[in-house]
Amino acid sequence: MECQVCANLEISVEKPPGASPLSFIALLKVYRELLVSRIRNTQCLIDNLIKNDYFSTEDAEIVVQFPTQADKVRKILDLVQSKGEEVSEYFIRVLQKVTDAYYELQPWLDEIGYEPSENICSKPVVNTDPVSRYCQKLRYELGRDSKFVMSYAQREEMLLEEVYSNSIMELVSFTNESLGEVCQLEALFDDTIGLINEDGETIYVFGDAGIGKSILLQKIQSLWARKELDIGAKFFFRFRCRMFSCFKEDEAICLKDLLFKYNCYPDQDPAEVFHHILQFPHTVLFTFDGFDEIYSNFDLSSVPEMCSPNEPIHPLVLLVSLLRGKLLKGSKKILTARTGTEIQRNIIRKKVLLRGFSSNNLKEYTAVFFKDEGQRTLVLNQLEANPNLCSLCSVPLFCWIIFKCYEHFHSMSDSHELPDCSVTLTDVFLLMIEVHLNRSLKTSLLKNNTRSQAEMFKSKKETLLALGKMAYKGMENSFFIFEQEEVSSANISEEDLQLGFLRTVKGYSGCDNQSTYEFLHLTLQSFFTALFLVIEEKVGAKELLQFFNECSSTETAQLTCLRIPWLKKQLAGEDPFRNNEHFHFTNLFLCGLLSRSKQKLFRHLVLPAVVKRKRKTLITYLGESMKSHLKGLTRSRFPNYNQIQVQPNFVWMLRCLYETQSEKVGKLAAKHMHANYIKLTYCNAYSADCSAISFVVHHFQKRLALDLDNNNINDYGVKQLLPCFSKLAVIRLSVNQVTDHGVRILYEELSKYQIVTFLGLYNNQITDVGAKYVAKLIEECSSLEYVKIGANKITSEGGKCLAQAIQKSKTMFEIGMWGNQVGDEGAKAFAEALRNHPRLTNVSLAFNGITTEGGKSIAEAMRHNNSVKIFWLTKNELDDEAAMSFAEMLKVNNKLVHLW
């Protein structure tokens with residue numbers, strides 16, 4: 001804290017034992033030089049002394065005449081002391097009350113043990129310090145700005161507190177291994193949790209589009225403004241990174257103007273406020289939202305790494321210097337970006353992965369969104385009946401869209417239900433567009449609009465085309481902010497703006513006198529781009545497929561794109577900010593809009609022959625691209641399996657295939673894999689992707705292995721895999737947020753087909769309830785040989801059920817229980833299972849809270865076991881007595897090869 005500045009200065013005076021306390025006049029004399037060196041703001045003292053009639057106007061004029069701050073303080077001290085004891089005490093009282101301005105003197109006040117008299121307590125003290133005033137203004141303005149969330153119709157705002165709901169936030173390592181969940185936002189700044197680089201200063205928050213990065217920052221902003229975020233931050237500056245794309249190449253700005261002009265400006269003494277920020281950078285919190293949305297032709301390689309806080313320079317240089325800690329070193333920073341935007345490790349302090357809604361989060365959000373209990377129950381029942389739609393709802397943005405659509409149609413007809421069967425993301429966005437257009441119609445209060453979706457789109461074709469054209473031009477150049485001139489040139493009218501697809505944003509750079517606009521969300525710009533490619537008849541094959549090329553090639557970036565030395569090493573000329581997700585979404589929506597099921601919708605918007613030609617071009621490209629991609633995958637041979645290791649890009653390919661809803665395309669993909677072991681680990685697949693995986697996998701004719709470890713599948717994803725279970729001999733779902741409900745689904749499905757040999761559920765959210773389902777599967781499914789269920793929440797109760805099932809099984813080969821809490825009771829049950837077991841070969845009970853009692857039981861049982869060759873018991877609480885029992889066991893057991 002600031003008070004540590006005083007630590008090296010002697011501020012106490014030895015007084016003889018029994019000596020009476022110094023008078024206030026004497027205190028000011030004794031500590032005169034300390035006060036002169038530490039008082040930086042004289043105006044607040046003068047204002048309060050005048051307000052209480054201790055100073056006259058003439059006194060204030062005398063003080064102001066002195067040229068230096070130190071001389072002004074000396075003169076104030078002279079005048080105060082000359083006016084007597086009461087004025088001297090009031091002077092000290094002001095120092096005590098206005099802590100923001102006189103923070104360096106707080107240790108001194110504690111040292112002298114100052115307690116104000118009753119008379120002085122009755123005298124008012126007003127904080128006129130410019131730093132304090134600025135902090136108050138910041139909190140007011142940021143509180144006002146964060147109070148509401150702009151809805152998808154500009155005329156509708158929603159209270160943040162009424163729409164924000166918690167989601168899964170996970171602290172991860174540099175290699176994205178889990179370090180624990182974030183339960184409270186203060187934990188983001190707590191170095192005892194999740195710290196991976198103590199020299200870094202940036203908390204890097206990442207996740208898929210729509211996962212909740214921006215609203216998380218708005219929540220943090222709101223808490224700070226209400227003084228409910230206790231992290232020692234006096235200043236809060238927030239930036240949307242896409243604003244840095246608006247600055248021209250030759251623009252220059254100093255750090256002070258960047259902070260004040262694009263947040264809020266101090267009403268008094270900006271120089272003093274800025275000086276304070278430079279002196280105490282650890283009191284500053286920055287948020288930079290959407291790092292991947294920066295696109296600039298400015299070349300940073302031509303400027304020095306160091307820059308002055310006072311000299312004007314290009315804003316991107318200031319941004320880079322702040323993130324690197326070259327400016328305001330020690331300040332707190334949160335940086336958000338979409339998954340796949342990699343940043344060099346040396347600037348990162350923590351990594352936080354946003355995973356979206358868990359099943360409980362979704363229920364909480366449903367309760368927040370639908371206040372009426374009957375309506376809420378109806379929605380939850382419909383979601384439960386439609387796992388496809390439910391899995392889309394795990395992404396907060398898509399959930400919000402679905403709920404708003406439901407709310408709108410329910411208001412028109414009580415019997416309206418959410419879409420059923422296979423719902424694609426394209427369906428959801430089309431529904432949102434329909435809702436927007438519906439709301440714009442002027443209808444009778446007594447008569448609902450009954451236009452079909454196709455009629456609605458036809459009536460607004462020119463509007464949709466205009467919005468699509470502007471979206472397309474922006475997407476081509478990775479521009480996400482549009483000036484008024486661009487909006488006008490696209491023939492977008494004021495009436496079109498009121499639909500809510502675009503929203504106004506604060507003017508950046510030279511745009512201050514005009515409105516600037518952006519699409520409600522980047523995914524919406526992607527959707528309108530795809531819509532333009534479909535309904536604009538002049539679009540040829542090259543333009544239709546251009547964003548696929550953007551995603552498939554690493555050499556398409558312009559040579560002039562921004563280059564930053566501290567980002568991961570790029571190929572020559574590649575944009576280091578480059579994140580292809582907005583192109584991926586454009587391609588995904590293109591596949592959905594050109595699917596056969598959408599032909600009826602578009603026949604009134606574009607000639608059927610044009611749609612047919614574009615669909616044929618797309619399907620041909622997908623087929624050839626898929627064959628080419630699959631040929632390049634890493635392949636491995638194992639006994640009984642030919643494995644392919646896919647990359648995250650493959651997931652986007654599956655998503656596109658699913659959007660087409662073409663069984664022919666799905667069969668083709670399955671055919672060209674030429675493998676029966678599909679490894680999809682670390683691909684950032686989430687629950688809705690399981691629909692796409694099932695769409696392809698269910699076409700396999702033979703049994704296969706599916707490895708989905710280290711993704712974000714959760715229970716909804718497990719349900720989406722239902723069409724696959726009849727084919728799966730190996731299913732790996734470790735590190736996927738699977739709970740007992742997901743395990744129940746696995747049991748019910750896998751027990752039907754009796755073909756599973758390997759079940760991987762390591763590091764999920766499974767309790768004793770889920771353990772009992774796994775135990776039943778072991779008992780009923782004779783094919784099951786390997787079970788990995790470590791690092792869950794299984795206690796002795798679940799451990800005993802698993803042990804009893806293993807004891808009955810004649811086929812179990814390996815059980816992995818590392819990192820649970822089965823304790824001695826569970827250990828004794830496993831001991832009984834091990835005794836004379838005919839096949840169990842590998843066992844892990846490491847890190848399970850087993851003490852000497854449980855260890856001795858296991859050692860005794862192992863004297864009668866001839867099958868186990870590897871046994872893990874590390875990180876338990878075994879002592880020498882247990883060790884002696886194992887030593888005696890080893891004298892008679894000659895089959896055990898490794899005991900850890």
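Modeller: A residue is called buried when its relative accessible area is under 20%. The model is predicted. At 1% relative accessibility, Asn865 therefore counts as buried. Asn865 sits in the loop between α38 and β22 (870–872). A polar atom of the Asn865 side chain lies 2.8 Å from the backbone nitrogen of Ser867. Setting aside residues up to four places away in sequence, Asn865 touches Leu834, Asn836, His837 and Asn893.

Now to the helix itself, α39. Helix α39 covers residues 880–892, 13 residues in total. From first C-alpha to last, α39 reaches 19 Å. That is close to the 18 Å expected at 1.5 Å a residue.

Next, the two sides. Ala882, Ser885, Phe886 and Met889 of α39 are buried. Viewed down the axis of α39, the buried residues fall within an arc of 95 degrees, so they line one face of the helix. On the other side of α39, Asp880, Met884 and Lys891 are exposed.

What covers the buried face? The cover over the buried residues of α39 includes α38 (852–862) and β23 (898–899). Helix α38 also leads back to Asn865, whose loop lies between α38 and β22.

Key. Residues are numbered from 1 along each chain as its sequence is written. This is a predicted model: local features need pLDDT of at least 70, side-chain atom pairs count only at pLDDT 80 or more; totals for chains, interfaces and linings use all residues. Side-chain values use heavy atoms; hydrogens and water are left out. Helices (H or I, at least four residues) and strands (E, at least two) are DSSP runs, numbered from the N terminus. The expected span of a helix is 1.5 Å times one less than its number of residues. Buried means under 20% relative accessible area, exposed over 50%, partly exposed in between (1.4 Å probe, protein chains only). The arc is that of the directions from the helix axis to the C-beta atoms. Contact means heavy atoms within 4.5 Å. A polar contact is a pair of N or O atoms within 3.5 Å; within protein, one must be able to donate a hydrogen and the other to accept it, and residues adjacent in sequence count only if both atoms are side-chain atoms.
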